Protein chains: 2
Amino acid sequence: MLRVQDRAVHQCDSGWVPVFVGQDRAVALMSIGFLLERPDDAVVWRGPKKNALIKQFVTDVAWGDLDFLIVDTPPGTSDEHISTVEALRPHRLLGAILVTTPQAVSVGDVRRELTFCKKTGLRVLGVVENMSGFVCPHCSGSGIHDSLLFFLLQECTNIFSKGGGEELAKHAGVPFLGCVPLDPQLSQSLEEGRDFIQEFPKSSAFPALAHIAQQILDTSQQSS
Amino acid sequence: MLRVQDRAVHQCDSGWVPVFVGQDRAVALMSIGFLLERPDDAVVWRGPKKNALIKQFVTDVAWGDLDFLIVDTPPGTSDEHISTVEALRPHRLLGAILVTTPQAVSVGDVRRELTFCKKTGLRVLGVVENMSGFVCPHCSGSGIHDSLLFFLLQECTNIFSKGGGEELAKHAGVPFLGCVPLDPQLSQSLEEGRDFIQEFPKSSAFPALAHIAQQILDTSQQSS
């Protein structure tokens, strides 16, 4: 996604040097992917080894002066989540953002994540609904008769159901941060490592992502 | 998905009795979900407890005479996968089916699963590509002029990229079992616990799933 898959992590006096992205080096990344010899290597590790590495990623990386540290976890409430919360507890921990897709099965998983956050005393910044409806580009862009196509325009198909994220947030009494639609231009950008914000400002996912980011920034400023 | 979320697991002389689905009781299920007091309870367990439960699910459940035992694992190559392979090793283990979505990021994950299968000596039955393109129902169903709509008919949008699964299978020298398209009728069936096979035989996902199932059945018959 960020065109850094071939980059390596080096050692300096203060620890591992993270991989920097872009000319302005505004984003610093650390991933086990950078530590593998070959990209196809499977990391066949049980919990204790994963937990040790998570701690190292927090304490042994020369992060420098960060505005935000974002940890993208797998789904679940197991080793990765417990270890991340424990490793970050000594630092100013803003909270968790829970991402669900609209289906009941996914919302059920995230409901259990909410219970995890309560149990561990982790503040929930809000819920995001991802893959939330799809505006068909063949329906909305058109070279044919506008009046005939009118009822087709802006037809949005909820490939999955819709509203699960918002309902979950209401039920849990936490903010709902917004929906990110299924957007071929966003997928394509991630696929090809292109800069979505620069290239597709008119894409349907753009205002959705901007709105979510702004709310998180506002929350962090209120807390500081 | 199977309308059994409120069912409980009981004990009998030969172990836990799994939850049976449907009037013919053709499917028996076991899940940690059946063991929780409340559906929102988070299972905040590290590896060792998960591993113990996986072993119990194989050995302490009164499965009876099964045609197939299907284990649906999370993504990754960690505790759940190692423990499942270890617990099933004494039994006739047919192999693994790897499910990817078309994006490069997902294919990369599944490529590491392939390495895991090689390392653990697990046969790969094949690769399935899920969420593989979307046929817009507003484009293809129509009450308006057929000639005008002709070029819109069967327009398929690759919301994500396409072909990643097939390419992966070719690259790994394992069978490609097929693509399952994004299909609102399939999602709806899963969401509402309806019988997709009975209710939507004309849905685009139906022949795709039937084709995949048939190939797996053929493989299992060749191996027996």
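Predicted model: local features only at pLDDT ≥ 70, side-chain atom pairs only at ≥ 80, totals over all residues.

Student: OK. What's the secondary structure of chain A?

Tutor: Chain A has nine helices and eight strands.

Student: And how much of chain A is buried?

Tutor: Chain A has 224 residues, and 42% of them count as buried.

Student: What about contacts along the sequence in chain A?

Tutor: Take the contacts between residues at least 6 apart in sequence: 64% of those join residues at least 24 apart.

Student: Let's do charges. How many salt bridges are there over all chains?

Tutor: There are 16 in the structure. One of them pairs B:D40 with A:R111, where the closest N and O atoms are 3.9 Å apart. That pair crosses between chains: B:D40 is in the loop between β4 (27-29) and α1 (47-59) of chain B, and A:R111 is in helix α3 (residues 104-120) of chain A.

Student: Which residue does B:D109 meet in a salt bridge?

Tutor: B:D109 meets B:R112, at 2.9 Å from N to O.

Student: Where do B:D109 and B:R112 sit relative to each other?

Tutor: They are three residues apart in helix α3 (residues 104-120) of chain B, so about one helical turn separates them. B:D109 is partly exposed at 39% relative accessible area, and B:R112 is partly exposed at 25%.

Student: Remind me, why would side chains like that pair up?

Tutor: Side chains of opposite charge can pair when their charged atoms come close.

Student: What about B:R194, which side chain does it meet?

Tutor: B:R194 forms a salt bridge with B:E199, at 2.6 Å from N to O. Both count as partly exposed, B:R194 at 29% relative accessibility and B:E199 at 37%. Separately, A:R46, B:D79 and B:E86 are joined into one network by salt bridges that share partners.

Student: Now B:D183. Does it sit in a loop or a helix, and where?

Tutor: B:D183 is in the loop between β8 (176-182) and α7 (184-192) of chain B.

Student: And which side chain of opposite charge is nearest to B:D183?

Tutor: That would be B:R194, 11 Å away. B:D183 is buried and has no salt bridge, given that such a bridge needs a nitrogen to oxygen distance within 4 Å.

Student: What does the side chain of B:D183 reach, then?

Tutor: It reaches the backbone nitrogen of B:S204, at 3.4 Å.

Student: Next one, B:T77. Buried or exposed?

Tutor: Buried, because its relative accessibility is 9% and the cut-off for buried is under 20%. B:T77 is in the loop between α1 and α2 (79-88) of chain B.

Student: What is B:T77 in contact with?

Tutor: Leaving aside neighbours within four places in sequence, B:T77 contacts A:A42, A:V43, A:V44 and A:W45 on chain A, plus B:R112, B:E113 and B:F116 on chain B. The side chain of B:T77 also reaches the backbone oxygen of A:V43 at 2.9 Å.

Student: Last one: where is B:R3?

Tutor: B:R3 is in the segment before β1 (10-12) of chain B, and it counts as exposed at 59% relative accessibility.

Student: Which residues does B:R3 touch?

Tutor: Not counting residues up to four places away in sequence, B:R3 touches B:E192, B:G193 and B:R194. Its side chain reaches the backbone oxygen of B:E192 at 3.3 Å and that of B:G193 at 3.4 Å.

How values were computed:
Residues numbered from 1 in each chain as written. Chains lettered and ligands numbered in written order. Heavy atoms only, no water. Helix = DSSP H or I, 4+ residues; strand = E, 2+ residues; numbered from the N terminus. Buried < 20%, exposed > 50% of the residue type's maximum accessible area, 1.4 Å probe, protein only. Contact = heavy atoms within 4.5 Å. Lys, Arg positive; Asp, Glu negative; His and termini not counted. Polar contact = N/O pair within 3.5 Å; in protein donor to acceptor, adjacent residues only side chain to side chain.
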